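Please look through the model below.

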Amino acid sequence: MDLRRPPRSTSGGVEPKIRQVGFVTPDVSGPSELPAVAAAAALQPGPADGSPPASDLSPVMIPPPRHADHLSPGSPPASEAILASSAPQPSSMRFDAASELGDDDSRSMAPSAGELETNKGDLADTQNEGAPVSISQKQKPSKAERRAIQEAQRAAKAAAKEAGKSTGAPSGANPAVSKQAKSAKASQKKDVPPAVGLHYLSGEVSGGNGRCIAMLLSFREAIKDYSTPPNKTLSRDLTAKISSYVSFFIECRPLSISMGNAIRFLKNRIAKLPLTLSESEAKASLQSDIDRFINEKIVVADQVIVSHAITKVRDGDVLLTYGSSSVVEMILDHAHKLGRKFRVIVVDSRPKLEGQGLLRRLVAKGINCTYTHINAVSYIMHEVTRVFLGASSILSNGTVYSRVGTASVAMVAHALGIPVLVCCEAYKFHERVQLDSICANELGDPDVISKVPGRADLDHLKNWTDKENLQLLNLTYDATPSDYVSMIITDYGMLPPTSVPVIVREYRKEQLWV
C-alpha cells in the first residue's frame with residue numbers, strides 16, 4: 001500500500017465511478033445509479049485541509065470525458081459544479097490531473113499536496129472574479145494537420161515572392177515601409193554636399209587627383225559644419241558620418257584607389273584624436289590634417305615628380321603621352337618654360353576622348369603637338385623617343401593600374417625598345433596584387449561605345465539591348481604588367497617597378513607616425 005495515501009475513511013464519502021478488476025461480488029447499485037452518484041460526488045465538499053477523501057482512492061480510476069458535452073445526461077455542467085462551492089472539488093482535481101494524459105490513458109494519477117494547494121488557489125481566484133471556467137482544452141493538431149499547415153505557409157511565401165518579382169519590389173516588403181526607407185535614404189543624402197557627387201556622375205570632375213581633392217574638400221566642409229549630438233562621442237559619430245558620405249559617393253561613381261587611401265587616412269586621424277580635446281579643437285585639427293594631406297601628398301608631390309622627370313626631357317625629343325594626366329601636363333609645361341625644344345604626340349581613344357582637352361591646353365601654351373587615336377599607335381611609335389604615362393594606382397607587384405588603353409601603348413613601346421616612364425604619387429600606391437583587368441574594374445556606360453559622335457549613319461548597334469546574345473563591355477581601367485614599365489617616377493624618387501613594395505612599406509610606416 002502506498003504510504004503517501006491517507007487511510008480510507010468510512011464516513012461521508014461517495015464511491016466514484018470505478019472499474020473493478022477480478023472476481024468480485026456485483027454491487028447492489030445498478031448502472032442506472034452511476035450518473036446520480038457522479039453528480040453527488042461532484043457536489044460533495046472536500047475536506048478542509050485539501051487532501052483527497054477516502055472514497056477517491058480506488059484500484060483503477062476512470063477519468064471523466066475531456067469535454068462537458070460528453071458527460072452523462074443526469075450530471076450538471078462542470079462549471080456549475082465548480083462554482084457551487086468555495087472549496088475545490090475532488091472530482092475536478094481528478095479531471096485536471098487526468099486531462100494531462102492522452103485520451104487512451106486510463107491509469108490513475110494521485111495529485112500531490114502542493115498541486116492540490118495550487119489548484120485550490122487558482123479556483124478560488126476564478127470564483128472571486130466571477131468568470132466562468134472552461135475545462136475544455138485545445139486539442140493538439142495531428143501530424144497530418146501540421147504538415148498541411150506547413151505546406152500552406154510555403155505556398156503563401158512562394159506566391160508572395162513571385163508577386164514581388166513581378167512588381168519589381170523585394171518579396172515580403174511592405175510598400176509603406178519601403179517608402180519610408182527611401183525617404184530616409186534621401187534625407188541622409190541631403191546631408192552630403194550634393195555637388196561633388198553630381199560632378200562625379202556627370203564627369204565634370206575626373207582624374208585621380210581631381211576626384212580625391214574634391215572629396216577631401218567636401219569632407220572638410222562637412223567637418224566644419226559638424227556638431228556632436230548629445231550622448232555621443234565625436235570620434236564614433238563623425239566616423240559614421242564620413243562612412244555615409246562615402247556610401248553616397250560610391251552610388252555616384254565607384255571610388256578610385258587613391259580616394260580609398262585618403263579616406264583611410266582621415267578615419268585614422270579621427271580615431272587618434274585625444275579625448276581631452278574640445279569639439280572645436282578636434283574639428284580644427286582634422287581640417288588642418290586634410291589641408292596638410294592635400295598639400296603634401298598631392299601638390300608638393302607633383303612638384304617633386306616634375307623636378308625628377310624634367311631631367312629626362314632633352315632637346316629634340318619626341319614625347320608621347322596617352323589620355324590626359326595632370327602630372328604629365330605639368331612636366332611638359334615646365335619643360336617648355338625651361339626652353340626645351342621637343343614635340344608632343346597625344347594619343348587618344350573613345351569614348352571619353354580626354355586627350356582633346358590636353359591637346360587644346362598644350363597648343364594654347366605654344367607647344368608643338370600631334371594628335372592621333374590609339375589604333376595608329378604602332379605607326380606613330382617609330383618617331384617617339386620617350387613615353388610619359390600617368391597612373392590611377394601602382395599595385396604592390398609593380399602593375400600599373402591606369403585608364404584603359406595604357407597597357408596597349410606600353411606594350412607597343414616596349415616591343416620597339418622605347419623607355420616607358422610612369423608618373424605616380426606615393427599616396428596612390430596600394431598593397432593589392434592584380435594580374436589582369438577583369439577581376440576588379442569599373443564598368444562604364446555601354447551606350448557610349450555603341451554610338452559614334454558625328455556619324456549618325458553608323459547605327460549598327462542602335463537596338464543592341466533587344467538582342468539577348470549581345471553584351472557591350474566598357475571598361476574604365478586596365479592593368480599594365482611591370483615588364484613593360486621602364487621606370488616609375490614618384491615623390492620618393494625614380495625607381496624600378498620591383499621596388500614598389502618598399503614604397504608601400506615606407507608609406508604605411510609614415511602614415512602610422514603622421
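What follows is a walk through selected parts of this structure, which is a predicted model.

Start with the sheet of 7 strands. The sheet is open and its pairing is mixed, with the strand order β3-β2-β1-β4-β7-β10-β11. β3 and β11 (493-495) are the edge strands; each has a single partner strand, so one side of each lacks a neighbour in the sheet. From one strand to the next, the twist averages 25 degrees.

Is Thr372 buried or exposed? Its relative accessible area is 16%, and because buried means under 20%, Thr372 counts as buried. Apart from neighbours within four places in sequence, the contacts of Thr372 are Ile345, Val346, Val347, Asp348 and Ile380.

Helix α11 (residues 279-309) lies across β4 (386-390), β7 (420-423), β10 and β11, and runs at about 135 degrees to β10. Helix α15 (residues 406-415) lies across β1 (317-322), β4 and β7, and its direction is at about 160 degrees to β4.

The other sheet has 4 strands. It is open, with mixed pairing, and its order is β8-β5-β6-β9. Its edges are β8 (429-430) and β9 (477-480), each of which pairs on one side only. Inside the sheet, strand β5 (residues 393-395) pairs with strand β6 (residues 400-403) in the antiparallel sense over 2 bridges. Ser393 has Tyr401 in β6 as its bridge partner.

Turn next to a helix pair. Two packed helices are described by the angle between their axes and the distance between the axes. For helix α8 (residues 208-224) and helix α9 (residues 234-252), the axes come within 11 Å and cross at roughly 140 degrees. That angle makes α8 oblique to α9, because only angles over 145 degrees count as roughly antiparallel. The crossing of α8 past α9 is right-handed.

Which residues make the contact between α8 and α9? On the α8 side they are Met215, Ser218, Phe219, Ala222 and Ile223. These meet Leu238, Ile242, Tyr245, Val246 and Phe249 in α9. By class, the residues of this contact comprise 9 nonpolar and 1 polar, with no charged residue.

Technical notes: Residues numbered from 1 in each chain as written. Predicted model: local features only at pLDDT ≥ 70, side-chain atom pairs only at ≥ 80, totals over all residues. Heavy atoms only, no water. Axes fitted to C-alpha atoms, helices over the stretch in contact; angles between N-to-C directions. Parallel < 35°, antiparallel > 145°, perpendicular 65-115°, else oblique. Left-handed = near helix turned anticlockwise from the far one by under 90°. Contact = heavy atoms within 4.5 Å. Nonpolar A, V, L, I, M, F, W, Y, C, P; charged D, E, K, R; others polar. Buried < 20%, exposed > 50% of the residue type's maximum accessible area, 1.4 Å probe, protein only. Pairing = 2+ DSSP bridges.
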